[in-house]
Each structure stands twice: as structure tokens, then as C-alpha cells.
Amino acid sequence: MVYKLVYENLKHRPVRTLLSSLAIGLGVTMMLALVGVGEGMLEDQANRARGVGADLVVRAPGSSVVGMGSLSMNQKILDYVRAQKHVALATPIGVHSTGGVSSIMGINYEEFAAMGGGFRFREGAKFSQQNDVIVDDLYAREKKLKVGSLLHTMNRDWRVSGVFASGKLARVMIPLTVLQDLASANGKITMIYVKLDDPANTQAVIDAMKKDLPEYPIYAMEELIKQFSVNNLPELKAFIGVVVSLSVLFGFLVVFLAMYTAVLERTREIGILKALGAGPSYVLGILLRETVLLAVIGSLCGILMSYGTRWLIATFIPASMVQAIVYRWWPIASLITLAGAVLGVLYPALKAAKQDALDSLSYD
Amino acid sequence: MAIIEIQNLRKTFRSGDVDVHALRGVNLTVEKGEFLAVVGKSGSGKSTLFHILGGLTPPTSGTVKIDGQSLTELDEAGRTRLRRNSVGFVFQKYNLLPTLTIRDNIDIARDISGDTTPWDPAFLEVVELLGIAQKLDRKPRQLSGGEQQRVAIARAIVNHPAILLADEPTGNLDSENSDMVLELLRHLNKKTGQTVLMITHDPEAAAFADRTVQMRDGLLHSA
């Protein structure tokens, strides 16, 4: 019976119910979108790293596992790596940040293409001039680029010579030597990707190189890819914590306002229930159930809206961000929202439970 | 057998710096199965008596017993139990829950009392008698004032209370509907033996009761 009353109350004020649910849902969407972007971008990064086709990677001393890195490694290391037993191909990579999470990558085209089985060009071809750049299809779509378009980055205009299918480590690539010149870092690289004669030799090669290069982080590709996790990004974890706290506050405020006005609006009805013999716990139970139902509807709205944010990201900024749908966060975000909502209803519900029956019945 | 026993009942309100003596020593006995009308002008104290008997407000002093249970010693939780189990209310403004159907308005009173069994045949007969059996799935706003008041009567007696308290039950109704509601209250009283205490300012309405008492300046007088 109480559930019927709760349901009818929510149905009686459809606009209030809808707006409250959407507002509660926004908190859920905020959490799901942030976690989804974090995981989506890491997953995308991992997939693109896999697309290189290497068996192991040598990074500069002191560099972060999942960070972009900089041109800080001496290129002479490359000769040492190439000389190692079982090494079939080693190619240097230079990375230069162009602001935020964007970067431009310098490659030795022929080596890089040979390692990963070549580029699949949607249009155009590899760079042929000093100011040529190749971009992946997602970047081209986001920036509305095609072959022949000009791309302004690193304080100069580049001509797009080719658009390749994404999945090749970077979205924007130029010749490594050009990048080194522009960054005033001749003879410096960021990392070395290595392909072996047989992947089964990976650990043996790593062990051998670590003896000679103890300060260099050397990872098998699968090991590196496993490191692409939110747990290895303390800043992202902290940011998720902030958004979760904001969502709790958001749910609290929305429910507080919605239920506070609902209690005021229903003063007389609460008086009627009390005249019929309803105790404080009965009244409290009605409002709590109503809140839980609002939070459940809000969570469902929030989950649906997270598909909306994914569509927006994939449509308008496919190269800058990738949002994954992280199912395991659905119950987490819903429970966090529910906690905020229950906190929000406590004061209005206690106020309603304590309301004097006679005063409430006299309320018009 | 007396179902309501009131002795030297007093109720004083504080209004600003002034004490208002709403009841000044009321004595009253109502027998089980009686239909009593308490008649008085506005401000005579009849509504205060209604509120005390219904457990909506505590008395200042004196003794009040309903079905042998003393109200004087009851705290808020005790008065809630009294409203749940021993008293049924019919208000001037009907006081139905607008979001629920007629059936649910009746059922919620049962739910609050902890009874979830189907309506018994005797109550179904009462529903027929009240003329609302065909309108159970409608919302209150779809019913006339007279029909809403009949629903309020059904809700008030669904838990078989010791007393049915009616506060100006015809105050919002035209004469035709007033007569119908009063006739139904009398019929219920005679047919089921339901004790009814009706508060009214209207002598014509009071004429439907077995006995009438006058309330004047916080005191009861025989009519």
C-alpha cells in the first residue's frame, strides 16, 4: 500500500519527478563519464601501443609508464639495442607534447611501418616533404582535415599528406628528424620499440638488456599494456574522488530541495495520515521509499545519459577523448547517488515525521 | 456500558501572553452504540473536545476514558495508537488523499493499522450502503462532495473503531447531500451499533442524533 502511495505521489507531480530524476542522474553521468573517459583513453592508448607490433619497449630513465614522455633519451642507445641478440628491428620514437593530452610523434617511417605491418591510408600517403604530416582518421574527422589541408601546430603550418586508419600509436606523426630539429633535441629520442625474431625470446632479451642498462625501464609490450590502468594514475584517481564527492553533494542538494518542497506541499496529507494513526516511522518510510525510487530512476537516467556523453565525445572529439562504458561502475555510481539522496531526505523526512497532526490538518 | 467517560476535563491554550481556557471542566458519558451530537457556536470549545477525544491534542487536566483506556496518561505514541485502533475521524473537509483511488484511501487506513486482509462481508455491505461500491477505482476529485464524505465515513469505520468522531460532517455540503450523509450516519449507528459523536453548529443536523448536548463557553449543558 505504501509503495502504491509512493508511486502515485511521484506520478502526481510528473515534472517534479522527471526534473529531480534527471538532476540526480547528472551526478551518475558525471561519475560514469569521468571513469569512462579515464578507462576509455587508457584502453585506446593500450590498443594503439599494441598496433605498433613491437615485442618490447625501452623508455628513458625516470619516465612514467603511461605518460607521454619527452625527447630525453640519447639516440646512441639505439645502436646498442640493435646489436642485441634476437633483435630483428628497433625503431626510435620521439614524442613532443602540443598541450594538454595532445602530442605529436616523430617516427622513422619505413622502420615504423615495417614493424607493425604498414599503415592503411584512408587517403593520401606518407610524408614526402619537410612540412608534411600524417594524421589518423579520427583526428582528421575531429579537425576536419583531408589530404592537402593545413594543420597548425608547433608554431608552424603542416600539410596533411595522408590520413591513416587509427591504431598506430599516435594520431599525428612527422619524420623524427624534423621533430628533433623543431624541438632543438637532435640526437634525442623518447623511446625505442623493438621487434624480436621470436616473441618467445622477449624475457631473455629484457633480462640481458637490463644488466647493461639498469636505469632504463624496459617492458614487454603486454606488460606495458597491463600498466595502462587508472590505478597507475594517482591524479586521475584523485579527480575521480573529487567528482564522486561532488555527485554525493549534488544528489544531497537535489533530493533535499525536492523532498523539502514535497513535504511542505503535502503537509495536510501528512496530517491525514497521522490522523489515521500513522506514526513517525510510517511517514518516514514513505518519504525514504520515495527517495530511493527517485534515486533508482535517477541512476537509470544517469546511465542512459552516459551513453549520450559517449555519443557526443565520439561524434565531436573522437581523437581527443574516448569514453568507455564501464559496467562495473553502474552499481557503484548508483549506490553513491543513493547515499547522497538518503542524506538529502533525512531532514525533510524527520521534519515530516515530527509534524503535529492537528497543525498539519489545519494547513491550507 | 459507557464507551466515553469524561470528568472535569480542562484544556488551556497559551495565546501570546494570554491563557485561553477552551474547556473549563467538561463532564460527559456516552454509552456504547449511542449517537451523540455536541452542538455549539464557533469558539465554544466543541472542536477542542473533538481533538482531545481523537487523541490529536492532550488534555490539560481531568480524566478522559475511551473504551476503558485513559487518554490523560497517553504520550504521543499512545495517542497515535489510539487514533490507529480506537477512533475513526470524519472531517468537514473530507481529507481524502488526492493521489489515491477511493479503494486505496480506505485501504491505507487498514495498512496503517497493520491489517492487510481483504474487506470482510460486513464492510462490503457498508460500502454498498454508502453508495460508493461502483466508484472505488476513481480518484477523489472525480467524486462530488457528498460522495467524498461518504468515502471518508467508510475509511473512518473500516478498522471497526470504538467511536466515530465526526466534525461538522455536513459543513461543506448542500442540504440534499447533508441529509443523505446524516441519514447514513444514523443508519450505520442503528445497523452496526457504531458509537458516533458528532460535532456541529447546526441544530437540524443534531436532530439526527439520539441525544444532543450544548457546548457553551467551554462547558457542556444538556439540550
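Guide: Helices are DSSP runs of H or I with at least four residues, strands are DSSP runs of E with at least two, and both are numbered from the N terminus. With that, chain A has 13 helices and twelve strands.

Visitor: And what kind of model is this?

Guide: This is a predicted model; local features need pLDDT of at least 70, side-chain atom pairs count only at pLDDT 80 or more, and totals for chains, interfaces and linings use all residues. Residues are numbered from 1 along each chain as its sequence is written, while chains are lettered from A and ligands numbered from 1 in the order in which they are written.

Visitor: OK, what radius of gyration does chain A have?

Guide: It is 29 Å for chain A, whereas a compact globule of 364 residues would be near 21 Å. The radius is taken over C-alpha atoms, and the globule rule is 2.2 Å times the number of residues to the power 0.38. Along the principal axes, the C-alpha atoms of chain A fill a box of roughly 90 × 45 × 30 Å.

Visitor: Which domains is chain A divided into?

Guide: Domain 1 covers 2–43 + 233–361, and domain 2 covers 61–216. Those bounds come from an automatic or database domain assignment. The centres of the two domains of chain A, taken over C-alpha atoms, are separated by 46 Å.

Visitor: Switching to the two chains. How many residues are in contact?

Guide: 18 residues of chain A are in contact with 20 residues of chain B. H1(A) gives the largest share of the chain A side, six residues. That side divides into eleven nonpolar, four polar and three charged residues.

Visitor: Which residues touch the most others in the largest nonpolar core?

Guide: Met31(A), Ala154(B) and Leu185(B), in a core of 111 residues. A nonpolar core is a set of buried Ala, Val, Leu, Ile, Met, Phe, Trp, Tyr and Cys residues joined through C-beta atoms within 7 Å. Helix H9 of chain A (234–265) gives the most to this core, with ten residues.

Visitor: What does Met31(A) touch?

Guide: Not counting residues up to four places away in sequence, Met31(A) touches Val243(A), Val244(A), Ser247(A), Trp329(A), Ala333(A) and Ile336(A).

Visitor: What order do the strands have in the open sheet of chain B?

Guide: E2-E1-E4-E5, four strands with antiparallel pairing. Two strands pair if DSSP finds at least two bridges between them.

Visitor: Why do E2 and E5 of chain B have one side left without a neighbour?

Guide: Strands E2 (18–31) and E5 (69–70) of chain B stand at the edges with a single partner strand each, so one side of each has no neighbour in the sheet. E4(B) and E5(B) pair over two bridges. In E5(B), Ser70(B) is the bridge partner of Lys65(B).

Definitions and conventions. Contact = placed C-beta atoms within 7 Å. Nonpolar A, V, L, I, M, F, W, Y, C, P; charged D, E, K, R; others polar. Buried ≥ 20, exposed ≤ 12 C-beta atoms within 10 Å, placed from the backbone.
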